[in-house]
Amino acid sequence: MDDNTAESATPSLFRRADRSGLIAAGAVLAVCAGLVVYGVADTGGSGSKPERRTPTASVTYEVSGQGTADIAFQARSEAGKATVVKAAALPWRKTVAVPLGQDPTVSITLGENGGQARCTLAIRGRHVQSATASGTFGRATCTGALPTAPATAS
């Protein structure tokens, strides 16, 4: 009887192993199929919508003088936030892209030692404005106007 029991247990064990192998293979196949479908769906979606970019204009800010000054200027920020450079060594110059519709601005603030500094603003290489700051904590601001962004067709 012991031999009979061993013979009947062996086929049951193999049947269980075969089923678990089929289940594992089916799960792997399902995961692979899901990744293929995701890849095809993702590729189709990104190719149909072009990346939307805001048109810009080249703006050159320049601050001349001696010593240092705090400089705040408008750069590539659609929100209109200024970039600030603390205690910039003069002379200082920066050319940046500013989104159309934003007003390019550069502001200078002298420190407690005072002195004199001049800001200038050029849009697309054309001089627009200049201003001079002098004395202790002297301030000056140069501003220009860019055209608004052209309307895009939807």
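**Exercise 1. Find how many disulfides the structure holds, and describe where they sit.**

Step 1. The structure holds 1 disulfide, meaning a pair of cysteine sulfur atoms within 2.5 Å. C119 and C142 are the partners, with an S to S distance of 2.3 Å.

Step 2. Before going on, a word on the source: this is a predicted model, in which local features need pLDDT of at least 70 and side-chain atom pairs count only at pLDDT 80 or more, while totals for chains, interfaces and linings use all residues. Residues are numbered from 1 along each chain as its sequence is written, and side-chain values use heavy atoms, with hydrogens and water left out.

Step 3. Now place the two cysteines. C119 belongs to strand β6 (residues 116-123) and C142 to strand β8 (residues 139-143), so the bond ties together parts that are 23 residues apart in sequence. Strands, like helices, are DSSP runs numbered from the N terminus (E, at least two residues, for strands; H or I, at least four, for helices).

Step 4. Check the handedness: the torsion about the S-S bond of C119 and C142 is about 90°, so this disulfide is right-handed.

Step 5. Both C119 and C142 are buried. Here buried means under 20% relative accessible area, exposed over 50%, and partly exposed in between (1.4 Å probe, protein chains only).

**Exercise 2. Locate the salt bridges and say whether their residues are buried or exposed.**

Step 1. There are 2 salt bridges in the structure, each a side-chain nitrogen of Lys or Arg within 4 Å of a carboxyl oxygen of Asp or Glu.

Step 2. One joins E62 and R93 at 3.2 Å, N to O. E62 is in strand β1 (residues 56-65) and R93 in strand β4 (residues 92-99), 31 residues apart. E62 is partly exposed at 32% relative accessible area, and R93 is exposed at 55%.

Step 3. The other joins D70 and K86, whose closest N and O atoms are 3.9 Å apart. This pair links strand β2 (residues 68-74) with strand β3 (residues 82-89), across 16 residues. D70 is partly exposed at 28%, while K86 is exposed at 62%.

**Exercise 3. Describe the surroundings of T60.**

Step 1. T60 is found in strand β1 and is buried, with a relative accessible area of 12%.

Step 2. Leaving aside residues up to four places away in sequence, T60 touches R93, K94, T95, T120, L121 and A122, where contact means heavy atoms within 4.5 Å.
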